[in-house]
Amino acid sequence: MTDKKFDLVVIGGGPAGYPAAIRAAQLGLSAACVDDWPVGDKGRAFGGTCLNVGCIPSKALLESTELYHRAHEEFARHGIGTGEVSIDVGAMQARKSGIVEQLTGGIEALFKANKVTGIKGRGRLLTGGRVEVTSAEGNQTLTAENVILATGSTPVELPFAKFDGKHIVDSAGALAFDAVPKRLGVIGAGVIGLELGSVWRRLGSAVVLLEALDEFLPMVDPQIAKEAARQFKQQRLDVRLGAKVSKADVVGDVVKVEYEQGGKTESLEFDRLIVCVGRRPLSQDLIDPELNVDVDARGFIDVDEQCRTAAAGVWAVGDVVRGPMLAHKGTEEGVMAAELIAGLSAQVNYGAIPSVIYTAPEVAWVGLTETEAKESGKPYKVGTFSFASNGRAKALEQASGLVKIIADEKFDEILGVHIVGPMAGELIAEAVLAIEFEASVEDLQRTVHAHPTLSEALHEAALAADGHALHAINK
Ligand code: FAD
């Protein structure tokens, strides 16, 4: 096949790669996006982990199961009577798949509208700006001035708990269960483990999360993590810390798990076991070794602050490079790389990347935790406000959790915002903007917040940082 020439070829069509191709095309560059995600019945598969088996399907199931849970637990308090509430797992999964299809199909439409060439196949970067694409339909070589590597990541497998697609599964498998497992084990109580554990717990599974670390959610502000742990316990999500799994054997239809905790060996039996112990970057066999691109021992491609590798014209973005494995972090990196390639100036503010855990309550944060503020050695102040005193949270029947603001004592600059409570994932946007604009606590205090809204809790936390919250008893 003859070579096809582009200004930019992106390898990987996930949330880091496809926006890079679109942005480059918007800026007048000819762009192609090569992606090897298996094509489904509908022939649509761009979107990577995020759209196919990550962010989107998990949130679809979290929404369905939260509604089911509320119908059971809360409707009566609102005075709403229902017949018996039931769940049709098939219908729930079909809704989820419909959303995934719409969104992945949407990317194809965006490619068409922006004149991005979408190519299905496996890409490999060769010397001389060439990208070899292998697919069932045949092989081709593309050439480009610039190549962005956006190949993402894949779940880590434990040697003693190999995925079998039925009893022991990864996160993708756990999003596709066709029935509610009676006893569900989850190895890893991180973000993904908690979200998936919540989905199936709400539908009735007895869920045990086995976490090797002694600390619950170590990346979260300790006060927020403690409140989240308290609420998860109430929901009977059984999180066991310092529990190191050493064995997982499938015997008949049961997974027998052994773990060490506090010097003792414990055992449990599950109907299904989800392994959520992290993800590893996908960089194997991706780059011709002759190229000057460094890959570290864990597989992360080495890049600078602007996602350049050491090889001229080769960039890498998203999960395959350092930093949090988050879709929006990858997207901003992809857009930044495309803009730099087109000759614009661009930079991602790595200090203002929000993180969200979409459990109920949601947990969201941006900037420094109190632990990090302490470690910085600079004087800081803290303001907290409880959703128990927020009118909208009461009306929503979700009046637990809190907002916490950490700010520089001397300069008043907001350094970190942490929320555990209703819609924390939406509320955090205001805090991200505040940090992006280097806002002071006073800026937030003087910003008018609509009443009654959950955002008033942020306003009150800012007031509390200076000891004058209006709806709390200030010491
Ligand atoms: P990916 O999305 O993994 O995309 C990479 C693409 O490249 C894939 O399509 C892959 O097939 C393709 N590819 C790989 N190698 C090649 C090759 N050689 N040639 C061609 N194509 C190749 N993040 C959030 O921000 N919010 C969330 O709520 C969230 N929820 C999640 C829930 C789950 C269950 C999981 C598993 C992840 C979740 N994430 C979430 C993480 C998020 O999905 C990832 O951070 C994001 O998808 C990374 O984007 P990426 O483009 O770097 O990689």
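A polar contact is a pair of N or O atoms within 3.5 Å; within protein, one atom must be able to donate a hydrogen and the other to accept it, and residues adjacent in sequence count only if both atoms are side-chain atoms. The model is predicted, so local features need pLDDT of at least 70 and side-chain atom pairs count only at pLDDT 80 or more, while totals for chains, interfaces and linings use all residues. Residues are numbered from 1 along each chain as its sequence is written, and side-chain values use heavy atoms, with hydrogens and water left out.

A polar side-chain atom of D36 lies 2.6 Å from an oxygen atom of the ligand. On its own the ligand has 1,000 Å² of accessible area, of which the protein covers 95% (Shrake-Rupley method with a 1.4 Å probe; for residues, only the protein chains shown count as cover).

Several elements give two or more residues to the shell around the ligand: β2 (31-35), α2 (48-53), α3 (55-73), β4 (122-125) and α8 (327-341). Helices (H or I, at least four residues) and strands (E, at least two) are DSSP runs, numbered from the N terminus. The largest share, four residues, comes from α2. Of the 36 residues around the ligand, D35, D36, T49, K59 and G123 come nearest (a residue is near if one of its heavy atoms lies within 4 Å). By type, the shell divides into 15 nonpolar, 15 polar and six charged residues (Ala, Val, Leu, Ile, Met, Phe, Trp, Tyr, Cys and Pro count as nonpolar, Asp, Glu, Lys and Arg as charged, and the others, Gly among them, as polar).

Attention now turns to the aromatic rings. The whole structure holds three aromatic pairs (rings of Phe, Tyr and Trp, the last by its six-membered ring, with centres within 6.5 Å; planes under 30 degrees apart are stacked, over 60 edge-to-face, the rest tilted). One of them joins F46 and F111 edge-to-face, at 5.1 Å centre to centre and 70° between the planes. Because F46 lies in the loop between β2 and α2 and F111 in helix α4 (residues 89-114), this pair ties together parts that are 65 residues apart in sequence.
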